Amino acid sequence: MEEDRAANLVLASELAPRLCRGCERYHLRYIARRAVQGPERDSLDKPVTIRILGELLAARRPQASGWIDIVIAGAADSGTLATAAAAAFQAGELDRCRFRVLDRCPTPLALCEAYGRDKAVEVTTRSEDLLADTLPHPADFVLVHSLFRHIPPDRHVELMRRFTSWLKPGGRILFSVLVEPPGTERPSSTPVMEGLRAMLEAGTLSVAEPVEAFMARVEGETGRERDHAAALAETESILALFARSALKVEAYEEIDGLWGQGIPGMTVMPRRRAFAVLAP
Ligand SMILES: C[S@@+](CC[C@H](N)C(=O)[O-])C[C@H]1O[C@@H](n2cnc3c(N)ncnc32)[C@H](O)[C@@H]1O
C-alpha cells in the first residue's frame with residue numbers, strides 16, 4: 001500500500017504551477033520533502049495511526065454492514081490516504097472501505113486520485129473549503145491529521161462540530177496533531193533542499209521542468225497563510241478543544257519519535273505527536 005513518492009513529485013510538479021497558484025510552493029515543498037526523506041518521514045505517525053485505526057475497524061466489524069466510509073479532512077498529498085488504506089488492508093477490511101478525501105487544493109486531491117487508481121482503492125475527492133462548505137460527508141471515521149495548524153483558532157470548535165455532524169451512529173473522529181510547546185526546535189529546511197537538488201541532479205528523483213527552475217519554485221518562504229500551530233500545541237489546549245467541542249475522548253496518547261532521519265546533514269530531533277479517538 002506504499003505510495004510512489006517519486007511519481008507524486010513528478011505529478012505535483014506538473015499540476016501545482018497550473019492549479020495551485022499562490023500555494024504551489026507549499027505543496028511542492030511538502031511533497032518534495034516526503035520524496036527526499038522516504039518512508040522514514042512517517043516513522044512516528046504511520047505505525048500509530050495504523051494501530052489505532054486498525055483497532056477501530058476491528059471494533060466496528062460486528063456493527064457495520066456495507067461500506068465503511070473513511071473521510072480524510074485535509075490532505076497535503078497521498079500520505080494520510082496511504083496510511084488509512086494500509087490500516088484497512090492490515091485489518092482485512094480494505095474491500096469494504098471507501099475513502100473520501102477533502103482539501104481546498106486540487107494538487108493533493110489529484111495525487112490521492114492517482115493513488116486510488118494505482119492501488120485499486122475506492123477513492124473519491126472533493127475540492128472544498130472546510131470552513132465554508134456545508135455538504136455533509138457521511139463517515140464511519142473522520143481522519144484529521146495535522147490540519148488544525150491551518151485553521152484560525154476561533155474556527156476550531158465549529159469545524160470539530162462539522163466533522164461530528166458527519167458521523168454515522170458509532171462513528172469516530174481520529175484526530176492527530178504535533179505537540180510543540182513554546183521553544184520547541186523546528187527543523188531547518190536547508191538539508192532537505194540540498195538533498196532534493198542532489199537527487200534531481202543525479203536523476204534519482206525527477207520533475208516536469210529543468211532542475212534550476214524547479215528549485216527556484218520550491219526554495220524560499222512557503223508563502224502560505226499564517227501558521228496557527230501555537231494555539232494547539234500543548235496537551236492542555238488540545239484536550240480543551242475536545243471539551244469545548246463536546247466530544248468524548250475515548251482514547252488519548254502522546255507518542256515520542258524522531259524527526260529528520262533519512263536526510264543527509266539533518267540534525268535528528270525529538271518530536272511528539274498527540275493521537276485522540278473522539279466520540280459524539
Ligand atoms: C498539513 S496538511 C494536512 C496534512 C495531511 N493530513 C497529512 O498529514 O499529510 C494541510 C492540508 O489542509 C488543507 N487545508 C488547509 N485549510 C483548509 C481549509 N480551510 N479547507 C480545506 N482544506 C484546507 C491544505 O490545502 C493542506 O493540503
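Modeller: Two residues are taken to be in contact if their C-beta atoms, placed from the backbone, lie within 7 Å. What follows concerns a predicted model.

Colleague: With that cut-off, which residues of H1 and H2 meet?

Modeller: Arg5, Ala6, Asn8, Leu9, Ala12, Ser13, Ala16 and Pro17 in H1 meet Glu24, His27, Leu28, Ile31, Ala32, Arg34 and Ala35 in H2. Sorted by class, the contact of H1 with H2 has nine nonpolar, three polar and three charged residues.

Colleague: How do you know what to call the arrangement of H7 and H8?

Modeller: The same cut-off, over 145 degrees, is applied. For helix H7 (residues 190–202) and helix H8 (residues 211–218) the axes come within 11 Å, with a crossing angle of roughly 160°, and H7 and H8 are therefore roughly antiparallel to each other. Their crossing is right-handed. On the H7 side the contact is made by Arg197, Leu200 and Glu201, and on the H8 side by Val211, Phe214 and Met215; these residues divide into four nonpolar, no polar and two charged.

Colleague: What makes S3 and S6 edge strands?

Modeller: The open sheet has seven strands in the order S3-S2-S1-S4-S5-S7-S6, with mixed pairing. Strand S3 (123–127) and strand S6 (248–259) each pair on one side only, and these are the edge strands. Neighbouring strands of this sheet are turned by 15° against each other on average, direction ignored.

Colleague: How do you know that S5 and S7 pair?

Modeller: Pairing requires at least two bridges between the strands. Seven bridges join strand S5 (residues 167–179) to strand S7 (residues 269–279), so by that definition S5 and S7 pair, and they run antiparallel. Leu178 stands opposite Arg273 in S7.

Colleague: Which strands does helix H9 touch where it packs on the sheet?

Modeller: Helix H9 (residues 235–244) touches S5, S6 and S7, and its direction makes about 15° with that of S7.

Colleague: Which residues are closest to the ligand?

Modeller: Among the 16 residues that surround the ligand, the closest are Gly74, Ala76, Arg104, Leu130 and His150. The shell comprises seven nonpolar, six polar and three charged residues.

Technical notes:
Residues numbered from 1 in each chain as written. Predicted model: local features only at pLDDT ≥ 70, side-chain atom pairs only at ≥ 80, totals over all residues. Axes fitted to C-alpha atoms, helices over the stretch in contact; angles between N-to-C directions. Helix = DSSP H or I, 4+ residues; strand = E, 2+ residues; numbered from the N terminus. Parallel < 35°, antiparallel > 145°, perpendicular 65-115°, else oblique. Left-handed = near helix turned anticlockwise from the far one by under 90°. Nonpolar A, V, L, I, M, F, W, Y, C, P; charged D, E, K, R; others polar. Near = placed C-beta within 6 Å.
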